Amino acid sequence: MSVLLELKNISMTYHPNTIAEVKALSNIELIIEQGQFLSIMGTSGSGKTTFLNIISTIRKPTSGTVYYKGQSIFDMNEEDKAKYRYQILSFVFQDFNLISSMTIKENIELPLMMNHKELNKSKEELNEIVKDLQIENILNKYTVECSGGQLQRAAIARAIIAHSPIIICDEPTGNLDTKTAQEIMELLVEINKRGTTVILVTHDSYMASYSDRLLTIEDGIIEKEILKKNLSNEEFYRLIIKETMS
């Protein structure tokens, strides 16, 4: 596998040199390879959100940088940063982040419109994606007419159709029942098998067991790395529980 993202000496301090100073991340060194399924766990305030914000260029770290295929994302000009955000990254959130005034179909097509791609050329692909995700019957509905599971599938369809090399998932199963959550995770595994790098932030050890590499972050530091190797999901889950409880 080739190196896709590399974090070098990433530190992030909020409100430095004040009584409210908070060190969110400290000297993070990390390599994420192309095609990897990486999960990140940590308690509230551990630095997970800051980590995502930095690799997404939403925040610039206090020190260090992030390299995408060898190029520092913080040395990019604004046009290249925008391309990185909208062409390299796709996002799946806990609260779906779909636009309520648009139909499900329009929400899914949004990355194509943002990247100025012709919708007619993508019609066949969209039909295949929504069929695979079993949401072809809700395309003309609005978000208020759909269940949480349907909305998350629509959000995943939006991420797939963008053809982004990296999909970032921030607690994507947090608002779903167990059965639907497992179905969503199985979809992410299938996407990953096609070569897309998946970065999952979760508080749930069982959801993390679908990944092939787990990092635990506490107090802004990578505390542990746990590799799945040839373990089944159930075996990896038990290993995660053992390692995170010790």
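1. Strand 7 and strand 8 are parallel partners, joined by five bridges. Within this pair, I167 faces V198 of strand 8. Pairing here requires at least two bridges found by DSSP between the two strands. Helices (H or I, at least four residues) and strands (E, at least two) are DSSP runs, numbered from the N terminus.

2. This is a predicted model: local features need pLDDT of at least 70 and side-chain atom pairs pLDDT 80 or more, while totals for chains, interfaces and linings use all residues. Residues are numbered from 1 along each chain as its sequence is written, and side-chain values use heavy atoms, with hydrogens and water left out.

3. Strand 7 also pairs with strand 6, again in the parallel sense and over five bridges. C169 in strand 7 is the bridge partner of V92. Strand 7 is largely enclosed by the rest of the structure, because four of its five residues are buried. Buried means under 20% relative accessible area, exposed over 50%, and partly exposed in between (1.4 Å probe, protein chains only).

4. These pairs belong to an open sheet of six strands in the order 6-7-8-3-9-10, with mixed pairing. Its edges are strand 6 (89-93) and strand 10 (221-227), each of which pairs on one side only. From one strand to the next, the twist averages 20 degrees. Strand 9 (residues 213-218) and strand 10 run antiparallel and are joined by six bridges; R213 is opposite L227 of strand 10.

5. Two helices lie across the sheet strands. Helix 2 (residues 78-88) lies across strand 6 and strand 7, at about 55 degrees to strand 6. Axes are lines fitted to C-alpha atoms, for helices over the stretch in contact, and angles run from 0 to 180 degrees between N-to-C directions. Contact means heavy atoms within 4.5 Å.

6. Which residues touch the most other members of the largest nonpolar core? They are I104, I108, L133, I135 and I156, in a core of 37 residues. Contributors of at least two residues each include helix 4 (123-132), strand 7 (166-170), helix 6 (178-193) and strand 8 (197-201). Helix 5 gives the most, with eight residues. A separate second core has 30 residues, among them A24, F51, F74 and I168. A nonpolar core is a set of buried Ala, Val, Leu, Ile, Met, Phe, Trp, Tyr and Cys residues joined through side-chain atoms within 4.5 Å. In soluble globular proteins, nonpolar side chains tend to be buried together.

7. Helix 3 has as its buried residues I104, N107, I108, E109, L110, P111 and L112. Helix 4 and helix 5 are among the elements that cover them. Leaving out residues up to four places away in sequence, I108 touches L126, V130, I135, L139, A154, A157, R158 and I161.

8. The largest pocket holds about 560 Å³ of space. It has 25 lining residues, of which R85, Y86, S90, F91 and F93 are the closest to its centre. Strand 6 gives the most to the lining, with five residues; helix 1, helix 2, helix 3, helix 5 and strand 7 are among the elements that supply at least two each. On a 1 Å grid over the protein atoms alone, a pocket is an open set of points where a 1.4 Å probe fits, with protein on both sides within 12 Å along at least five of seven lines; lining residues have an atom within 4 Å of a point. Grid points are joined across faces, edges and corners, and the volume is the space filled by probe spheres set on the points.

9. S56 sits in the loop between helix 1 and strand 4 (63-68). With a relative accessible area of 3%, S56 is buried. Setting aside neighbours within four places in sequence, S56 contacts R85, L89, F91 and I168.

10. Two backbone values deserve a note. Most residues other than glycine have a negative phi. D219, not a glycine, has a positive phi of about 55 degrees and lies in the loop between strand 9 and strand 10. D219 counts as exposed because its relative accessibility is 63%. K229, also not a glycine, has a positive phi of about 55 degrees. K229 is in the loop between strand 10 and helix 8 (233-245), and is exposed at 70% relative accessible area.
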